[in-house]
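Look at the model below, and keep it in view as you read. We will start with a pair of helices and then move on to the sheet.

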Amino acid sequence: MGAIEGKYAVLEEGQIQELIVTAIKQLKYSYAPYSNFCVGAALLAQNGTVYTGCNIENAAYGPSNCAERTAFFKAVSEGNRKFRAICIVGGPKGRLDSYAPPCGVCRQVMMEFCDPEEFQIILAASREDYQSFTLKELLPQGFGPKNL
Ligand code: THU
């Protein structure tokens with residue numbers, strides 16, 4: 001794996017590694033007493049700020065929030081709406097046996113704020129084992145602000 005190119009600044013290997021390490025650190029904050037599936041996220045804004053997120057479940061199930069949306073809503077609620085990449089890690093009891101791809105609702109939230117051809121979604125199982133996708137790859141023909 002190496003640097004990831006795009007219309008914006010190239011995502012360097014060092015930045016990718018920082019996002020993976022940061023996402024893994026978030027696993028300890030995951031509140032998942034019902035599914036025991038712990039998820040951590042690290043969202044890189046275009047200005048270099050990294051917003052973190054974990055999943056937060058609820059006894060009523062429905063009000064649960066995914067790690068990715070936690071990170072996005074933290075950023076947007078602090079005035080930041082321009083994003084470059086997100087790293088997501090997760091697994092049963094926080095074991096990173098495989099990738100934890102974003103759910104459809106989180107992909108749609110990404111569609112609201114990100115350029116689908118540029119925004120990178122990094123799925124990681126470790127610092128060495130990761131794969132990067134554009135939002136367009138994970139949400140082809142997505143419906144977003146440009147459709148209205
Ligand atoms: N989860 C996330 O945090 N992100 C996703 O994109 C997929 C699912 C969480 C929600 C719930 O707390 C647990 O994983 C099991 O679905």
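Start with two helices: H2 (residues 67-77) and H3 (residues 104-113) pack at an angle of about 25°, with their axes 9 Å apart. Axes are lines fitted to C-alpha atoms, for helices over the stretch in contact, and angles run from 0 to 180 degrees between N-to-C directions. Helices (H or I, at least four residues) and strands (E, at least two) are DSSP runs, numbered from the N terminus. H2 and H3 are therefore roughly parallel to each other; angles under 35 degrees count as such.

Which residues of H2 and H3 make the contact? H2 supplies Glu 68, Arg 69, Phe 72, Phe 73 and Val 76, while H3 supplies Val 105, Cys 106, Val 109, Met 110 and Phe 113. Contact means heavy atoms within 4.5 Å. An α-helix has 3.6 residues a turn, so residues three or four places apart point the same way.

This is a predicted model: local features need pLDDT of at least 70, side-chain atom pairs count only at pLDDT 80 or more, and totals for chains, interfaces and linings use all residues. Residues are numbered from 1 along each chain as its sequence is written, and side-chain values use heavy atoms, with hydrogens and water left out.

Stay with H2. Its buried residues are Ala 67, Glu 68, Arg 69, Thr 70, Ala 71, Phe 72 and Ala 75. Buried means under 20% relative accessible area (1.4 Å probe, protein chains only). These buried residues pack against strand S1 (37-45), strand S2 (50-54), strand S3 (83-92) and H3. Just after H2, Gly 79 takes a positive phi of about 95°.

Now turn to the sheet. Five strands form an open sheet in the order S2-S1-S3-S4-S5, with mixed pairing. Two strands pair if DSSP finds at least two bridges between them. S2 and strand S5 (130-134) are the edge strands, each pairing on one side only. Four of the five residues of S2 are buried, so S2 is largely enclosed by the rest of the structure.

Follow the S2 end. S1 and S2 pair in the antiparallel sense over five bridges. Leu 43 stands opposite Tyr 51 in S2. Four residues lie between the strands of this hairpin, where Gly 48 takes a positive phi near 95°.

Gln 120 has Thr 134 of S5 as its bridge partner. Finally, find helix H1 (residues 13-26). H1 lies across S1, S2, S3, S4 and S5, running at about 145° to S1.

Definitions and conventions. Angles under 35 degrees count as roughly parallel, over 145 as roughly antiparallel, 65 to 115 as roughly perpendicular and the rest as oblique. Buried means under 20% relative accessible area, exposed over 50%, partly exposed in between (1.4 Å probe, protein chains only).
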